Amino acid sequence: MEVQKFQYDNRIVRDFGIASVIFAIVGMLVGVLIASQLFSPAVNANLQYMTYGRIRPLHTNAIIFAFVGNAIFMGVYYSLQRLCKARMFSDLLSRIHFWGWQLIILSAAVSLPLGLTTSKEYAELEWPIDIAITLIWVVFAINFFGTIIKRRERHMYVAIWFYIATIVTVAVLHIVNSLEVPVSFLKSYSMYAGVQDALVQWWYGHNAVAFFLTTPYLGLMYYFLPKAANRPVYSYRLSIVHFWSLIFIYIWAGPHHLLYTALPDWAQSLGTVFSIMLIAPSWGGMINGLLTLRGAWDKVREEPVLKFMVVGVTAYGMATFEGPMLSLKNVNALAHYTDWIVSHVHVGALGWNGFMTFGILYWLVPKLYKTDLFSKKLASFHFWIGTLGIVFYASSMYVAGIVQSLMWKEFNPMGILQYPNFLETTLQIIPLHMIRAVGGTLYLTGALVMVYNLVKTVKQGSFVPNEAAEAPALTPDEHNVSETKHRWLEKKPVQFALFATIAVLIGGIVEMVPTFLVKSNIPTIASVKPYTPLELQGRDLYIREGCNACHSQMIRPFRSETERYGEYSKAGEYVYDHPFLWGSRRTGPDLHREGGKYPNLWHYLHMENPRTMSPGSIMPAYSWLLTQDLDTASTMAKIQAMQTLGVPYPKGFELIANEILQQQADSIAADLQRNKVPAEPNKEIIALIAYLQRLGTDIKITGK
Amino acid sequence: MLSTYLSAIDGVSAYPIFSLIIFIPFFLTVTFWVIKLDKKFLNYMGEMPLQDSNGSDEEGK
C-alpha cells in the first residue's frame, strides 16, 4: 500500500484559537459591564453607545459567535484534518474563512453599539452582514466537505457527523430567520410579522443553541475528551444513537420558548413533549462523555484539562435537564421573563461552552507548540475560580428569578396585587444582581489567568505551522460484503449530509408549515390599524435603543398579569409588527398596554431621566432622544418597505407620509409645550412618545 | 383563547401526529442498526481519535 506524506495545517488552528481567546475576554468584559448596569445604570457613562439595550446584543454576539464560534472552528480544523488524515481542502479557503469571520465580528462590534439591529435575539445583525455570514459559511462548508472528500480514512468518526449536522442546520436556520426586506443599506424589516415572526425567531433561537452551542461542542467532546483521557469513548454505539436522536428531536422543540403566549396549545404541547424527550439523547451524551473517564478518574485530580471537561460535560447535563423542565407549562409560567432563564443559559455558556473551550485550549496549545503547559497550578487556579464564578452567577440568578416572579404573582387578601409597583420587585433583587456581577468577574479573572498561562506556554515552545504526517492512500472499496447500511452511509459524506439535513428538515417542516399557515388564520381585528408614519419611526427608535432587551410586549393570560398590565395580548394585534417585539426578559415592566397610561409629559421626563419619575429605577437615561433630530428622510422608504410586506397603507401614502408625520409630531410637541417643557416637534423623543402612546390602544378603542 | 385561532387551520393536528409517526420507526431503525454493528468495527471507530496522529506528533501518555 502506498504511504503518502502530507502536512497538517496548524496555523489556521492557532489563528482561530487566538481569536477565540481574545473575544472571550472582550465578550466577558462586556458581560460584566452590562451586569453592572443592572444595579448601577451610571456605568454606561450616559453614552448612547454603551446603554444596556445596545450592548447586551454585543455581549451575546461576542460570546456566541466570536468566542464560541472561533473555538468551534479551532477544534474542527484541528480534529477534522487528523480524523480524515488529510490537510484542509484549501489553504486559501481557510484564510478567507478566518478573516471573513473576524471581519463579520468587527462589523457587529461597530454596528450594534450604533443601534443598527434587527432586534431579533442572536440574529441582531443587519442584512449586509447576514449576507456576509452566509457567504463565509459556504466557504467553510466547501473547505470542510472538500477535506472529507479527499480523506485517507475510510470511515467518518462520530465527531465529524456532529460537525456536518452543524454546518447544514446553521445554514438553514440563518437563511430562514434572516429573510428581510431592506429599507436602506443598514436597515431592514423582517419578512414575517407578529406571531409568525416570533415563531420563526424562536425556532431559530432554540436551534441556534442546539446547532451552534451544542452539536459542534459534542463533536469536540467526542474528539478531545478521549484524546485528553487517552482512552476511547465509552460506547461508540451510544454515540450513534446520541447523534441521530439528538438532531432529529432537537429541532422540534422550538415552541417551548413561547408557552402561554399567543401560540396554539398543540404547538406548545408538541414543543413540551419533544423537550422532555430531549433529555434522553442529551443525557446519553453526557453519560458517554463522563464514562469515557472510567478507570481514569485519578487523572482528573491532577489534570486541569480533564477537570474542565468533567465540569463542562456535567454542566451540559444540568442545562439539558433544566431546559425540558423549564418547558413544562407550570414551571415556565414561573420562570419565563425572569433571571432564572438568564441563569439557565449561563450554566450552558459558562459551564459547557466555556469550560470545554478552556479544557481544549489547555490541551491543544502545548501540542501546537511542542511543549508542556507553562503552569498546571495556574490552570487549576483558573478551574477553581471559574467554578466559583459559575456558582455565584447561577445561584444568585436562580434566587433572583424566583423571588421576582413570586412577587409579580403575589396578591394580598383583598385580591389586589401585593406589589403593584413593578419597581419594588426590581429593587428587591438588586443585591442578587451585584452577586451575579461578582460571579462574572471571578469567571473573567480566571480567563485572564488562562491568557497569561497560555502566553507563557507559547513563549517556551516552538510553533510548527505545518505538521508532517503520513498515511496510506485510500484505495477503492475492497472487501465490504457484509456492510450495514449505516456504515455505507457514514463512508459517504454527501449522502450523510443529505440524510442529516432531511432529519433536521422534517422536524423543521412539521413546525414551519403550520407557522406559515398561521398568517392567514389569525383573525384580523378591525380596529387594529397600521402604525402612523411617526409611530413607525418611533418603533424603529425603540428597536435602535434595544428597549425589547428589558421590556416585553406580551401580556400572558394570567390574572397577575392582566391586573398589572391590562387586557392580555391577542395574536391579531401584532399583524403589522415587522419585526415582533415580544422580548424575553422583563427587567422592566411589560409595555404592551403602555399607550395612554401616562401623559406625554411623563414619558418626556422619564426618558430624560427615569429616576425623576421613578426613584431607584435602573433604566438608563435617554437624554439624547431629546436633542437628536428625527431622520424623516427615511420615512418614504420605510412605508414602501411595509407596503411590500403587505401592510395596507393606501396607494400613494408614502408620498404624503412625512406630512402626516409632521402633523402628529406638532400636536405632541404642542401638548408638551403646554406643560412647560421645551419640546421641539422634530426631535426623536416625539416619535418615541407617539409609538409608546399607541401601544396596545387598538383594542382599548373597541372597548369604548 | 388565542389557541383557538390557530387550531382553526384545517387538519392541524396532522402535523404532530405525522411527526411522531416518522420519529418512532426512525428511532427503532437506528437502534436496530446500532445493536447489529459488530464489535470489531465499533472498537476501530472508538479508537480513531487516539490513532489519528503520526509523523512528528507523538502522543503523550
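This is a predicted model: local features need pLDDT of at least 70, side-chain atom pairs count only at pLDDT 80 or more; totals for chains, interfaces and linings use all residues.
Most residues other than glycine have a negative phi, and most peptide bonds are trans.

A:Asn230 is another residue that is not a glycine and has a positive phi, here about 60°. A:Asn230 lies in the loop between helix 6 and helix 7 (236–250) of chain A. With 13 other C-beta atoms within 10 Å, A:Asn230 is partly exposed. The peptide bond between A:His578 and A:Pro579 is cis, with omega about -10°. A:Pro579 is part of the loop between helix 20 (559–565) and helix 21 (600–608) of chain A.

The next topic is the packing around helix 2. Helix 2 (residues 52–84) of chain A and helix 6 (residues 194–229) of chain A have axes that come within 10 Å and cross at roughly 35°. This crossing of helix 2 of chain A and helix 6 of chain A is left-handed. On the side of helix 2 of chain A, the contact involves A:Ile64, A:Val68, A:Ile72, A:Gly75, A:Val76 and A:Ser79. These meet A:Phe212, A:Leu213, A:Pro216, A:Leu220, A:Tyr223 and A:Phe224 in helix 6 of chain A. By type, the residues of this contact divide into 10 nonpolar, two polar and no charged.

Helix 2 of chain A also packs with helix 5 (residues 158–177) of chain A, at an angle of about 130° and with the axes 10 Å apart. Helix 2 of chain A and helix 5 of chain A are therefore oblique to each other. Their crossing is left-handed. A:Val76, A:Ser79, A:Leu80 and A:Leu83 in helix 2 of chain A meet A:Ala159, A:Ile160 and A:Tyr163 in helix 5 of chain A. Six of the residues in this contact are nonpolar, one is polar and none is charged. A:Val76 and A:Ser79 are listed in the contact with helix 6 of chain A and again in the contact with helix 5 of chain A.

Helix 1 (residues 11–37) of chain A packs with helix 2 of chain A at an angle of about 155°, and the axes are 8 Å apart. The two helices are therefore roughly antiparallel to each other. The crossing of helix 1 of chain A and helix 2 of chain A is left-handed. The residues of this contact divide into 22 nonpolar, seven polar and one charged.

The largest nonpolar core has 206 residues, and A:Tyr77, A:Ile160, A:Ile247 and A:Ile686 touch the most other members. Helix 6 of chain A supplies the largest share of this core, 22 residues. Neighbours within four places in sequence aside, A:Tyr77 is in contact with A:Ile12, A:Val13, A:Phe16 and A:Met88.

A:Leu692 is in helix 26 (residues 684–694) of chain A. A:Leu692 is buried, because 25 other C-beta atoms lie within 10 Å. Apart from neighbours within four places in sequence, A:Leu692 is in contact with A:Glu594, A:Gly595 and A:His603. A:Leu692 and A:Glu594 are 98 residues apart in sequence, while their C-alpha atoms are 6.2 Å apart in space.

A:Ala280, in helix 9 (residues 279–291) of chain A, counts as partly exposed, with 17 C-beta neighbours inside 10 Å. The C-alpha atoms of A:Ala280 and A:Val139 are separated by 34 Å, and the two residues are 141 residues apart along the chain. A:Asn330, in helix 12 (residues 329–335) of chain A, is exposed, with 8 other C-beta atoms within 10 Å. Between A:Asn330 and A:Ile133, 197 residues apart along the chain, the C-alpha separation is 38 Å.

Chain B remains. It contains three helices and zero strands, and its elements run α-α-α from the N terminus on. Of the 61 residues in chain B, 18% are buried.

Methods:
Residues are numbered from 1 along each chain as its sequence is written. Chains are lettered from A and ligands numbered from 1 in the order in which they are written. Axes are lines fitted to C-alpha atoms, for helices over the stretch in contact, and angles run from 0 to 180 degrees between N-to-C directions. Helices (H or I, at least four residues) and strands (E, at least two) are DSSP runs, numbered from the N terminus. A crossing is left-handed if the near helix is turned anticlockwise from the far one by less than a right angle, and right-handed if clockwise. Two residues are in contact if their C-beta atoms, placed from the backbone, lie within 7 Å. Ala, Val, Leu, Ile, Met, Phe, Trp, Tyr, Cys and Pro count as nonpolar, Asp, Glu, Lys and Arg as charged, and the others, Gly among them, as polar. Angles under 35 degrees count as roughly parallel, over 145 as roughly antiparallel, 65 to 115 as roughly perpendicular and the rest as oblique. A residue is buried if 20 or more other C-beta atoms lie within 10 Å of its own, exposed if 12 or fewer, and partly exposed in between; C-beta atoms are placed from the backbone. A nonpolar core is a set of buried Ala, Val, Leu, Ile, Met, Phe, Trp, Tyr and Cys residues joined through C-beta atoms within 7 Å.
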